[in-house]
Amino acid sequence: MNNNIDLGRGGMFGLGSDDVPAYTEGSNSVMCHSVERDALVVVDVQQDFANPVGSLYVKDAEQVIPVINMLTAEAMRRNVPTFFSRDWHPENTPHFDKWPVHCVAGTPGAGFANGLVVPQSANIVSKGLGLEVTDVDGYSAANGTLIDGSTLAEALRAASINSVTVVGLATDYCVKATAIDLANAGFYVTVVHEAIRAVNIQPNDGRDARRAMQDAGVSIVKILGGVFAPKQAPAPSESQAV
Ligand SMILES: [Zn+2]
């Protein structure tokens, strides 16, 4: 297995200029290896998705929280900026023709999930506001907006960031859309396998989403696999179908 990260030597963030990530799997993106400037993008880890009583609970979603907290702590330690997106829907939207009502702006269900550490310095990215012309569902955080009105993609560029780690919910919708959009926008994108979960309306949706991300040049890595894996891998249940 070559897809494990040595957290002790560099972790998710701070790859050196000439380090080719040895754990990359399925990446076909062309990267400028001058200087990598990282960011952590945490997608939609909100009560309605991550709490078992949430209106659109994603199975086992709460299991991503300690992994994401670990990544956030590492990002803070390295002064890597963090971006936390949230579904922030109006009460009425065509989006709710497809999904149960969820994450209505300002409601408890739209709050960040219990136990998720959101640093004070985190940039909050709101999406699915009902203003989007081309993405009325607001799946992609890349098009979400920060408090200053810039989109996530614009904010990343303004900060000279070229490498993003994407985690959160759900693999087969917002994580997929965010990772692919950012890859298509020229960012080097890494998704952490243990820090995502899928809705899996069809049993293989999570797996198919991972493949679609890889086809777009996204690297999917396992950070715990090498340490804990061989006995009984604590992988997302979706991988059972692989
Ligand atoms: Zn939504």
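Residues are numbered from 1 along each chain as its sequence is written. Because the model is predicted, local features need pLDDT of at least 70 and side-chain atom pairs count only at pLDDT 80 or more, while totals for chains, interfaces and linings use all residues.

**Fold.** The protein chain has seven helices and six strands; helices (H or I, at least four residues) and strands (E, at least two) are DSSP runs, numbered from the N terminus. Their order from the N terminus is β-α-α-β-α-β-α-β-α-β-α-β-α. Of the 242 residues in the protein chain, 46% are buried. A residue is buried if 20 or more other C-beta atoms lie within 10 Å of its own, exposed if 12 or fewer, and partly exposed in between, with C-beta atoms placed from the backbone. Two residues are in contact if their C-beta atoms, placed in that way, lie within 7 Å. Among contacts between residues at least 6 apart in sequence, 73% join residues at least 24 apart.

**Core.** A nonpolar core is a set of buried Ala, Val, Leu, Ile, Met, Phe, Trp, Tyr and Cys residues joined through C-beta atoms within 7 Å. The largest one holds 58 residues, and the members touching the most others are Val166, Val167, Leu169, Ala179, Val189 and Val191. Helix H5 (residues 171-184) gives the most to this core, eight residues. Beyond its neighbours within four places in sequence, Val191 contacts Val166, Val167, Val175, Ala179, Ile196, Met213, Val218 and Ile220.

**Helix H6.** In H6 (residues 205-215), Gly206, Arg207, Ala209, Arg210 and Met213 are buried. These buried residues line one face of the helix, because they fall within an arc of 160° seen down the axis of H6; the arc is that of the directions from the helix axis to the C-beta atoms. They pack against H5, strand S5 (188-197) and strand S6 (219-221). Just after H6, Gly217 has a positive phi of about 100°.

**Backbone exceptions.** Most residues other than glycine have a negative phi, and most peptide bonds are trans. The peptide bond from Leu169 to Ala170 is cis, with omega near -15°, and Ala170 lies in the loop between strand S4 (163-169) and H5. Two residues other than glycine with positive phi are tabulated here.
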